[in-house]
Amino acid sequence: MLLNNVKLALTASKVNIRVSDGKIAQISPHPFPATSEEFRVSFDNAIIFPGLINSHDHLDFNLFPALGDNTYKNYTEWGAYIHKNYKDKIAAVLKVPGPLRDQWGIYKNLICGVTTVINHGKKIKDQSGLITVYQDCQSIHSVQFEKKWKLALNNPLKKNIPVVIHTGEGTDVASLKEIDKLISWNLLKRVLIGVHGVAITENQVKSFRALVWCPGSNYFLLNQTAPVNRLKKHTTLLFGTDSTLTGDWNIWSHIRLARKTKFLADKELYDTLTINAANTWKLNSGEIAENKDADLVVAKMKNGSASNSFFETDPEDILMVIHKGKISLFDEELIAQLNSVKLENYSRIYINGTCKYIQGNLPELMQKIKQYYPEASFPVI
Ligand SMILES: [Zn+2]
């Protein structure tokens, strides 16, 4: 597959990309000529960037509406509040079988241009190949919500894989102390990847290989977020959305919220979604370079610079999502150029009035979910 005439997000350099065997085979400043073996897609006024890496989500929780109507001190206060006040809403969503909820979580990410998601919780079985669901780590919920966390953390059989744990998700002293407790119980010196870290100090964060910043979720729950402007000196920052239980389905609104804090420069924020995550999770993706996995997103160039255009992207602007060299999603406007694509492998959906072809049968999935949970609301039709 040849992708002609796209601009790299942030730098605006014009490039042409050849994808072969699931990898980025060649990057050239000159458009590739047509060949008989490869099909060619030419773009007009479009940016390209690596498929986003969402370093924190709970795939099975994305049918929930955001629950909570207050500012809470920490996640345990919020947890107790929602179980008391939204019992029926929670029960209604949990009627949907887990595999259907997981599948919707995968689609939620794909329609935003995420090609890898780090799922927190029980390992899921997914053969869809729509995106990469990364599970080569140990999920421990948190010090407060996982009873046997000390045993799990110090399990010698898991010594060589990273531990991902919610930590410091609060603004009170208890949230701060919980982090010290976690660090002091890491007897095997496991690689720790913390999620949230709103209460974390510069000194504490040195004990973590990386911190997943989830500003959307943090502001919703706590009206505060992690001080990543100070933490960035001491650890690697990654970006996460968490589930719709605590925020918007659209990762781009989380990214814009993050940008508004001015805690990170544009390039630093971009790196949390791409190269930092790829390096931390040891993925062969996260950058546009030869021999990397062809996880790529092409989106309409909006007003202004290529950098602004990246941050102003929304799912309706996405023209193409490529996962390991295969097209997972494309906009209807490209259909004339994609005549060798097997349309029977895709379904048609509308996102904010634009028509996309998406791999698999998403309308059927939404219909199945509604049989269990008729109030389910989706951002696509
Ligand atoms: Zn979470």
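A: Let's start with Val-212, which sits opposite Leu-238 of strand β13. Keep in mind that this is a predicted model. The strands around that pair are β12, residues 210-213, and β13; they run parallel and are joined by 4 bridges.

Now widen the view to the whole sheet. It is an open one, built from 5 strands in the order β9-β10-β11-β12-β13, with parallel pairing. At the edges you'll find β9 (138-140) and β13 (236-239), each of which pairs on one side only. Ignoring direction, neighbouring strands here are turned by 25 degrees against each other on average. As background, side chains in a regular strand alternate between the two faces of the sheet.

Next, have a look at helix α7, which covers residues 215-222 and includes Leu-222. Is Leu-222 buried or exposed? Leu-222 counts as buried because it has 24 C-beta neighbours inside 10 Å, and the cut-off for that label is 20 or more. Gly-170 is 52 residues away from Leu-222 along the chain, yet their C-alpha atoms are separated by 6.6 Å. If you set aside neighbours within four places in sequence, the contacts of Leu-222 are Thr-71, Tyr-72, Gly-170, Thr-171 and Val-198.

The largest nonpolar core has 101 residues, and Trp-213, Ile-48 and Val-298 touch the most other members. Strand β15 gives the most to this core, namely 5 residues. Why does the core lie between domain 1 and domain 2? Both domains give residues to it, so that is where it lies. In general, nonpolar side chains in soluble globular proteins tend to be buried together. For Val-298, again leaving out neighbours within four places in sequence, the contacts are Leu-3, Val-6, Phe-43, Ala-46, Ile-48, Leu-319 and Met-320.

What about the two domains themselves? Domain 1 is made of 2-51 + 285-372, while domain 2 takes in 53-281. Their C-alpha centres are 27 Å apart. Where they meet, domain 1 puts in 26 residues and domain 2 puts in 30 residues. On the domain 1 side, α12 (306-311), β15 (318-323), β16 (326-331) and α13 (362-372) each supply at least two residues. Of these, α13 gives the most to that side, with 5 residues. By type, the domain 1 side splits into 13 nonpolar, 9 polar and 4 charged residues.

Strand β2 (residues 14-20) and β3 pair in the antiparallel sense, over 5 bridges. They form a hairpin with 2 residues between them, and Asp-21 in the turn has a positive phi of about 50 degrees. Asn-16 stands opposite Ser-28 of β3. Lys-23 belongs to β3, which spans residues 23-28. With 16 other C-beta atoms within 10 Å, Lys-23 is partly exposed. Lys-23 and Ser-285 are 262 residues apart in sequence, but 9.4 Å apart in space from C-alpha to C-alpha. Beyond its neighbours within four places in sequence, Lys-23 is in contact with Asn-291, Lys-292, Asp-293, Ala-294 and Gly-325.

Definitions and conventions: Residues numbered from 1 in each chain as written. Predicted model: local features only at pLDDT ≥ 70, side-chain atom pairs only at ≥ 80, totals over all residues. Buried ≥ 20, exposed ≤ 12 C-beta atoms within 10 Å, placed from the backbone. Contact = placed C-beta atoms within 7 Å. Pairing = 2+ DSSP bridges. Domains from an automatic or database assignment. Nonpolar A, V, L, I, M, F, W, Y, C, P; charged D, E, K, R; others polar. Axes fitted to C-alpha atoms, helices over the stretch in contact; angles between N-to-C directions. Core = buried A, V, L, I, M, F, W, Y, C linked by C-beta atoms within 7 Å.
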